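Thank you all for coming; I would like to take a few minutes to walk through one model, and I will state each cut-off when its term comes up. Please have a look at the sequence and the structure before I start.

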Amino acid sequence: MAESTTHQRPLMGWDKPELDLSSAQWQSSSRGLGDVQIAFVEGFIAMRNSGSPQSPSLIFTPAEWGAFVSGAREGEFDLT
């Protein structure tokens, strides 16, 4: 089976830079009991799956992060 590489173009309106997360200091959620890790990099918040750290990370602006956390607190997101 031949290897293939997929190149994705940024989405329309995507105004976030390509962040270098290689030296990010990741913090576990839920006091180390959760599956999510976050890092603060260049004014953005990156979130990744701690069980699969090589997978792509989600990048949030501070406003997006605030909305995400607020929604999670209200039960809008299932973080389990």
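This is a predicted model: local features need pLDDT of at least 70, side-chain atom pairs count only at pLDDT 80 or more; totals for chains, interfaces and linings use all residues.

Residues are numbered from 1 along each chain as its sequence is written, and side-chain values use heavy atoms, with hydrogens and water left out.

The protein has 1 helix and 4 strands, where helices (H or I, at least four residues) and strands (E, at least two) are DSSP runs numbered from the N terminus. Read from the N terminus on, the elements come in the order β-β-β-β-α. Of the 80 residues, 25% count as buried, and buried here means under 20% relative accessible area, with exposed being over 50% and partly exposed in between, for a 1.4 Å probe and protein chains only. As for contacts, meaning heavy atoms within 4.5 Å, residues 24 or more positions apart account for 17% of those with a separation of 6 or more.

Now the sheet. The 4 strands form an open sheet in the order β1-β2-β3-β4, with antiparallel pairing, and two strands are taken to pair if DSSP finds at least two bridges between them. β1 (27-28) and β4 stand at the edges with a single partner strand each, so one side of each is left without a neighbour in the sheet. Between β1 and β2 (residues 36-41) there are 2 bridges; Gln27 stands opposite Ile38, and Ser28 stands opposite Gln37. Between β2 and β3 there are 6 bridges, again with the strands running antiparallel, and here Ile38 faces Met47 in β3. The hairpin of β2 and β3 has 2 residues between the strands, and in it Glu42 takes a positive phi near 50 degrees. Helix α1 (residues 62-73) lies across β2, β3 and β4 and runs at about 105 degrees to β4, where axes are lines fitted to C-alpha atoms, for helices over the stretch in contact, and angles run from 0 to 180 degrees between N-to-C directions.

What makes up the largest nonpolar core? It consists of 8 residues, namely Leu19, Ala24, Trp26, Ala39, Val41, Phe44, Ala46 and Ile59, and the elements that give two or more residues to this core are β2 and β3. By a nonpolar core I mean a set of buried Ala, Val, Leu, Ile, Met, Phe, Trp, Tyr and Cys residues joined through side-chain atoms within 4.5 Å. Apart from this core lies another, of 6 residues, among them Ile38, Ile45, Phe60 and Trp65. As general background, nonpolar side chains in soluble globular proteins tend to be buried together.

Leaving aside neighbours within four places in sequence, Val41 is in contact with Leu19, Asp20, Leu21 and Ala24. Leu19, with residues up to four places away likewise not counted, touches Val41, Glu42, Phe44 and Ile59.

Turning to the rings, a search of the whole structure finds 3 aromatic pairs. One of them joins Phe60 and Phe68, with 5.3 Å centre to centre and 40 degrees between the planes, and is classed as tilted; rings of Phe, Tyr and Trp (its six-membered ring) pair if their centres lie within 6.5 Å, with planes under 30 degrees apart counting as stacked, over 60 as edge-to-face and the rest as tilted. Both Phe60 and Phe68 are buried, and ring pairs link Phe60, Trp65 and Phe68 into a cluster.

Finally, the polar side chains. Gln37, in strand β2, counts as buried at 14% relative accessibility, and a polar contact of 2.7 Å joins the side chains of Gln37 and Arg48. A polar contact is a pair of N or O atoms within 3.5 Å; within protein, one must be able to donate a hydrogen and the other to accept it, and residues adjacent in sequence count only if both atoms are side-chain atoms. Ser52, in the loop between β3 (44-49) and β4 (58-60), is buried with a relative accessible area of 18%, and the side chains of Ser52 and Ser55 are joined by a polar contact of 2.7 Å.
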